[in-house]
Amino acid sequence: MDFDSAAKRFLEISTEVLKSYRYIDNQCVSVCSLISSELAKDGIALCVALGSLSCDGIKAFQYKKPFPRRPKTGVVWDGHAWIEFHGEVIGEATLMRSARRFPETSNIKMYLRRHHLLDKGAFALPKTELRQGGLKYTKLNELPNSMIAPLIDGLKYINDA
């Protein structure tokens with residue numbers, strides 16, 4: 001599938017997920033799991049990337065340790081997750097909403113406000129374009145496929161509870 005078709009499908013699915021799931025704060029990995037599962041049904045090549053995100057050179061999310069594979073309690077993880085297509089395009093579904101919980105003076109919140117992106121939906125853009133704009137996504141790992149279904153179940157549970 002070409003980039004434009006994959007990006008369009010990503011945006012359709014992301015919009016539906018963001019409408020359907022109210023409780024997504026700190027759930028970027030679970031949200032990306034759900035979106036990737038739906039995209040995979042369409043045969044779209046992707047990975048759920050795990051890593052760090054910097055804004056104008058300042059870390060907004062820092063991957064300090066791997067995402068836990070078998071957590072015994074609620075997961076506290078400082079990294080960020082996104083969908084990555086062919087290693088060149090970032091599909092971002094949760095950043096705009098996650099930034100709401102940041103302090104007003106945080107670099108990422110000010111950046112998103114300055115670019116009129118705060119509380120907007122998802123986007124799919126080439127890494128190079130994002131870097132030129134000041135956002136740097138650094139992939140340090142990929143979510144194993146074996147973790148996708150349990151994370152989706154958890155997301156559904158916290159939104160039904």
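A nonpolar core is a set of buried Ala, Val, Leu, Ile, Met, Phe, Trp, Tyr and Cys residues joined through side-chain atoms within 4.5 Å. Buried means under 20% relative accessible area, exposed over 50%, and partly exposed in between (1.4 Å probe, protein chains only). The model is predicted: local features need pLDDT of at least 70, side-chain atom pairs count only at pLDDT 80 or more, and totals for chains, interfaces and linings use all residues. Residues are numbered from 1 along each chain as its sequence is written, and side-chain values use heavy atoms, without hydrogens and water.

**Exercise 1.** Determine which residues touch the most other members of the largest nonpolar core.

*Solution.* Step 1: this core has 34 residues, and Phe10, Val29, Ile35, Leu50 and Leu143 touch the most other members. Step 2: the elements giving two or more residues to the core are α1 (3–20), α2, β1 (47–55), β3 (80–85) and α6 (148–160); helices (H or I, at least four residues) and strands (E, at least two) are DSSP runs, numbered from the N terminus. Step 3: α2 gives the most, with seven residues.

**Exercise 2.** Decide whether Ser30 is buried or exposed, and find what Ser30 touches.

*Solution.* Step 1: Ser30 belongs to helix α2, which spans residues 28–41. Step 2: Ser30 counts as buried because its relative accessibility is 6%. Step 3: leaving out residues up to four places away in sequence, Ser30 touches Leu151 and Leu155, where contact means heavy atoms within 4.5 Å.

**Exercise 3.** Classify Ile158 by its relative accessible area.

*Solution.* Step 1: Ile158 lies in helix α6. Step 2: its relative accessible area is 31%, so Ile158 is partly exposed.
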